[in-house]
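Let's take a walk through this protein, one side chain at a time. Have the sequence and the viewer open, and click along as you read.

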Amino acid sequence: MTTFSTSNLSLGDEKEKEFGHEGAGQDEIVRSERRSHEGANGEEHRIESERRDDEVEPEVEKAVDEPPDGGYGWVCVACLFVMNGHTWGLNSSYAVFLAYYLSNNVFEGATRLDYAFIGGLSISQALIVAPVATMTTRIWGTRTTLLIGVFFETLSFIASSFVNQIWQLFLTQGICFGWGIGFMFVGSVGIPPQWFTTRRSLANGISASGSGIGGLIYSLAAQAMIKSIGLPWAFRVLGIICCVVTFTCAMLVKDRNKQIGSNQLSFDVSLFKKIEFLFLIAFGFFSMLGYVVLLFSLPNYARTQGLTAKQGSIIGAVLNLGQALGRPPIGYFSDSFGRINMATTMTFLSGLFALVIWMFAHRFGVLIFYAIIGGTVAGTYWAVVSPVTAEIMGLVDVPSSLSITWLVLVLPTTFSEAIALEIVSFNGGSYVGAICFAGFMYIGAAMCLWFARAWKIGDLEEKAHALGLKESAIDPTSSKVLQGAKEERVVSAATKDFRKSPFVKRMFMWQKV
């Protein structure tokens, strides 16, 4: 009985064990299948993830496109150098035409004010057409925009050779020529930064200096042509030369808009709510009031001092030579001295030189000295406007800021020379009042940028404190921490209340900005 029960128990145990082994085997099979299924799903997820990474990778590469820092970019710089010489440089030679108009009764019934407005119109129209040129660049591309400019500039010179009334000269040498400059300027001004990184300031300086060289050459050439072949044929020769040269340059220039994903942003009127932007706008406004007076008045001033028309054209040419020599160093040394610091200093020197040297320049030699010295700093605004705008407003707001700036500058560029000639007439032909006007406008521009500099230092203090760093550790343009600057950490942002330095103290504080 006992044996039977034991046998039955043993048999039951064996069956239970067998059943347990079978169950365990089934469980193992289920777990194995589950692991296989999970492994398959994991593999699918891994493959899907890799596929998505592969799809995203080209976009990442596009976002971090690196300019070649040279190469064909130097060809573009050379083309823009020549193009600036045949746009802004030719515009500078209007001082020679102005002196000729004022000393000869070319158009019956025309006044000094009429001739002054023509020179201002060419600059103001170049700025006012900027939004249209930006739109054509976005729709049809850079080359088409440049060729539109070539067409208008050529048309302006050829049409000017046939005018016989002053209102016709307004349309040709004023408005039409300004449109030609505007389309070529807006279409080309952003190309050098697309090709360069470490040499960006140098490339910008070289291309901008073309306007000074062009002004030097065409101030002398225009005077010689007017004297030898007459005014109409001088216009025609200039038109033919400009057509050939600028057309060739427009065909050689290449942009990198597709590589960098360039966007043409619209206006952002909310920028007017920012005090730093108002300082920046005032800097440009006052700079242009002084610059245009100096650019167009110096040759005629020479004639009022008893010098000949040829000597006046030489003085105007040397002024443009000074600009050609001064702009590249201003752009180059801005990186080490500080862009805002350099712009403020050079603009102040422009006003100081006008008040101290031009005011007492009555001889040919002294005027030549002033033209070369004053010329090196006279065009500071055009050499620094883009980098200073980036420094104060930040890279994101640069396109909108510049678009608004060009429109604001229409007023001073249109009326500054007219104001100067009215001051001269009021003073009985004396240029003392006009010289004071130009000098103090430059100084006023420097003061506005000085205020913007103080604001920028306070902005850097606030951002540096938020990161617990020194102000020197923050990039003024991008507001990012400079490489290796984290070692300069000085305080935790959460452990101490923050207060900016007083505004007056920041005005006299040294810092590279």
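What follows is a short tour of charges, rings and one threonine. Keep in mind that this is a predicted model.

Start with the charged side chains. Opposite charges on side chains can pair when their charged atoms come close.

Another salt bridge runs between Lys456 and Asp459, whose closest N and O atoms are 3.9 Å apart. Here both partners belong to helix 20 (residues 432-467), and they are three residues apart, about one turn of the helix. Lys456 and Asp459 are both buried.

Now for the rings. A pair of aromatic rings is described by the distance of the centres and the angle of the planes. The structure has 30 aromatic pairs. Take Phe185 and Trp406, an edge-to-face pair with 5.6 Å centre to centre and 75° between the planes. Phe185 is in helix 8 (residues 166-188) and Trp406 in helix 18, so the pair ties together parts 221 residues apart in sequence. Both Phe185 and Trp406 are buried. Phe285 and Phe286 are edge-to-face too, because their planes meet at 85°, with the ring centres 6.0 Å apart. Phe285 is partly exposed, at a relative accessible area of 26%, and Phe286 is partly exposed at 27%.

If you like rings in groups, look for the aromatic cluster whose members include Tyr94, Phe107, Phe157 and Phe296. Rings and charges also meet at Arg236: its charged end sits over the ring of Phe162, 4.7 Å from the centre. Arg236 lies over the face of Trp233 as well, also at 4.7 Å from the ring centre.

Finally, go back to helix 18 (residues 398-408), where you'll find Thr405. Thr405 counts as buried because its relative accessibility is 4%. Where does the side chain of Thr405 reach? It goes to the backbone oxygen of Ser401, at 2.7 Å. Leaving aside neighbours within four places in sequence, Thr405 is in contact with Phe277, Ile281 and Tyr381.

Technical notes:
Residues are numbered from 1 along each chain as its sequence is written. This is a predicted model: local features need pLDDT of at least 70, side-chain atom pairs count only at pLDDT 80 or more; totals for chains, interfaces and linings use all residues. Side-chain values use heavy atoms; hydrogens and water are left out. Helices (H or I, at least four residues) and strands (E, at least two) are DSSP runs, numbered from the N terminus. Buried means under 20% relative accessible area, exposed over 50%, partly exposed in between (1.4 Å probe, protein chains only). A polar contact is a pair of N or O atoms within 3.5 Å; within protein, one must be able to donate a hydrogen and the other to accept it, and residues adjacent in sequence count only if both atoms are side-chain atoms. Contact means heavy atoms within 4.5 Å. A salt bridge is a side-chain nitrogen of Lys or Arg within 4 Å of a carboxyl oxygen of Asp or Glu. Rings of Phe, Tyr and Trp (its six-membered ring) pair if their centres lie within 6.5 Å; planes under 30 degrees apart count as stacked, over 60 as edge-to-face and the rest as tilted. A charge sits over a ring if NZ of Lys or CZ of Arg is within 6 Å of the ring centre and within 35 degrees of the ring normal.
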